[in-house]
Amino acid sequence: MQTQKNHSDCNRPLADAKLVGCLDCDLLQRIPEVPAGASVRCLRCDKELWRHKPDSHNRTFALTVAALVLYIVANTVPMLGLHAAGRSAFTTVVGGAHQLWLDGQQIVSVLVLFAAVISPALQIGFLFLILIGGQRERPPFWVGMLLRHVHFTRTWSMIEVMLLGVLVALTKIADYATVIPGIALFALFALVVLLAAMQSCFDPREVWERVEWADEEIRHLVDSKQITEVKV
Amino acid sequence: MSTANPTAMEQGLQSCHGCGLVSCPTSGTEAGRCPRCDEKLEFRKPKSLERTLAYLIAAAVCYIPANLLPVLTTNTAGGSESDTIMQGVVLLWSPTGWPLSLIVLFASIMIPSAKILALAYLIFSVKRGSIKNNSQRVKMYRMVEIIGRWSMVDVFVDTFTVSLIQLQPLMSVEPGPGLLFFAAVVVLTMLAVESFDPRLIWDSADAKEIQPEVQHA
């Protein structure tokens, strides 16, 4: 297979794959072998560089599948109901965003939809696909493409913040009307826990060490130790 | 404080934000690509201080209407009433509701302003070439990064209040113009945090500590 990549702007990797630069202070250091569950912290700024997560693939996969199911439940059944003056109203997360749109707040509506519906879907979906692709001994390049955007999906996925918001809204509304918590509300609570567990079980480094590179020729050179060592 | 290890930049190496791989740019270039994940690489986030400052100024400008304009308007048979974020906090204050009132006060008023001040201080200290309190400054940055998202809480409170209280003609709640500005503050401060490069905090100290070395081929 021919790679179409232009080599001229591709960086040369180091022979020592255990060498990392801390992303918070740029200090170069080697990641040592540590027992399962232990973390490696930056010598200078104490940032967690790596945590040895045992059985990362299986545990994360189980949690991701559970999160996927709960996500679907949380977004299809009613989340909150309201009973007042002989009338009932129900809403879902998407319904909340939709009402904002109808009331002329289109931009905020899109933001709510993005933070509470789209980003969590991407967060779960990306991880699901990464784990499917990661089952192979040499995961294909698209796994890496998804993996490098996982941070983005985590930053903007705000289900836990939304739940706090729902709690506050409920307290406010309880003065005027009877509020009925829907099944989706409980699904969302469970989803928050699952998402946190999913992220804490997942070890991206383990996938990165196996994945197909953007420039496979360079990876072959590294694997066959043909890369010259940079003195540190 | 000082460690024997050099920084990646001192060794002419770039770390990838996408996958963590350390690599060496081809001679004569500052910007390259990660051979593993294809991410664009630079020694430091490009124009980090300028971009952070631009987002911060925009956030600070939006912060004023976000707090002065109403975020919710309640229409009842007796007329309509508009509330700003602060009025919302006061309304929530009751013998049972005060913990939530405090959470909203903290998330909607204190976190955004603390974020703007903290980032302004970080930009200022890096510009001045400060070499003090590096560990504390980077911890402050991480703190801002972690708690920042919680200021979105008020946007969600207003969303669900609006969508539930639609009991026309008895009572209905509409979003107010302040909501857009408030959402803008949250997003802009998050973008400011993303564009700040914490490695800049250490650069001045590193430049002073390390003697120029003879480069060997």
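**Entry 1: a hairpin in chain A**

I began at A:A84, which stands opposite A:R87 in β7(A). I take helices (H or I, at least four residues) and strands (E, at least two) as DSSP runs, numbered from the N terminus, and I say that two strands pair if DSSP finds at least two bridges between them. On those terms strand β6 (residues 80-84) of chain A and β7(A) pair in the antiparallel sense, over five bridges. Further along, I found that A:L82 has A:A89 as its bridge partner in β7(A). The hairpin of β6(A) and β7(A) has two residues between the strands, and A:A85 takes a positive phi near 50 degrees there.

I note that this is a predicted model, in which local features need pLDDT of at least 70 and side-chain atom pairs count only at pLDDT 80 or more, while totals for chains, interfaces and linings use all residues. Residues are numbered from 1 along each chain as its sequence is written, and chains are lettered from A and ligands numbered from 1 in the order in which they are written.

**Entry 2: the sheet around that hairpin**

**Entry 3: the corresponding look at chain B**

In chain B I looked at strand β5 (residues 72-76) and strand β6 (residues 79-83), which pair in the antiparallel sense over five bridges. They form a hairpin with two residues between them, and B:N75 stands opposite B:S80 in β6(B).

**Entry 4: chain A as a whole**

I counted nine helices and eight strands in chain A. Its radius of gyration is 23 Å, whereas a compact globule of 232 residues would have one near 17 Å; the radius is taken over C-alpha atoms, and the globule rule is 2.2 Å times the number of residues to the power 0.38. Along the principal axes, the C-alpha atoms of chain A fill a box of roughly 80 × 40 × 30 Å. Buried residues make up 37% of the 232 residues in chain A, where buried means 20 or more other C-beta atoms within 10 Å of the residue's own, exposed means 12 or fewer, and partly exposed lies in between, with C-beta atoms placed from the backbone.

**Entry 5: where the chains meet**

I found 63 residues of chain B in contact with 62 residues of chain A, a contact being two residues whose C-beta atoms, placed from the backbone, lie within 7 Å. On the side of chain B that touches chain A, helix α5 (residues 153-164) of chain B gives the most, with 10 residues. By class, that side has 38 nonpolar, 18 polar and seven charged residues; Ala, Val, Leu, Ile, Met, Phe, Trp, Tyr, Cys and Pro count as nonpolar, Asp, Glu, Lys and Arg as charged, and the others, Gly among them, as polar.

Strands also cross between the chains: strand β1 (residues 12-13) of chain A and strand β2 (residues 22-24) of chain B pair in the antiparallel sense over two bridges, and A:P13 stands opposite B:S23 in β2(B). I traced this into an open, antiparallel sheet of three strands in the order β1(A)-β2(B)-β1(B).

**Entry 6: the nonpolar core**

I defined a nonpolar core as a set of buried Ala, Val, Leu, Ile, Met, Phe, Trp, Tyr and Cys residues joined through C-beta atoms within 7 Å. The largest has 117 residues, and A:L191, B:V155, B:F156, B:F182, B:A183 and B:V185 touch the most other members. Helix α6 (residues 178-195) of chain B gives the most to this core, with 13 residues. Leaving out residues up to four places away in sequence, I listed B:A66, B:V71, B:I85, B:D154 and B:V155 as touched by B:F182.

**Entry 7: two positive phi angles in loops**

A:D46 is not a glycine, yet has a positive phi of about 70 degrees; A:D46 lies in the loop between β4 (39-41) and β5 (48-51) of chain A. B:N133, also not a glycine, has a positive phi of about 50 degrees and lies in the loop between α3 (98-127) and α4 (134-147) of chain B.
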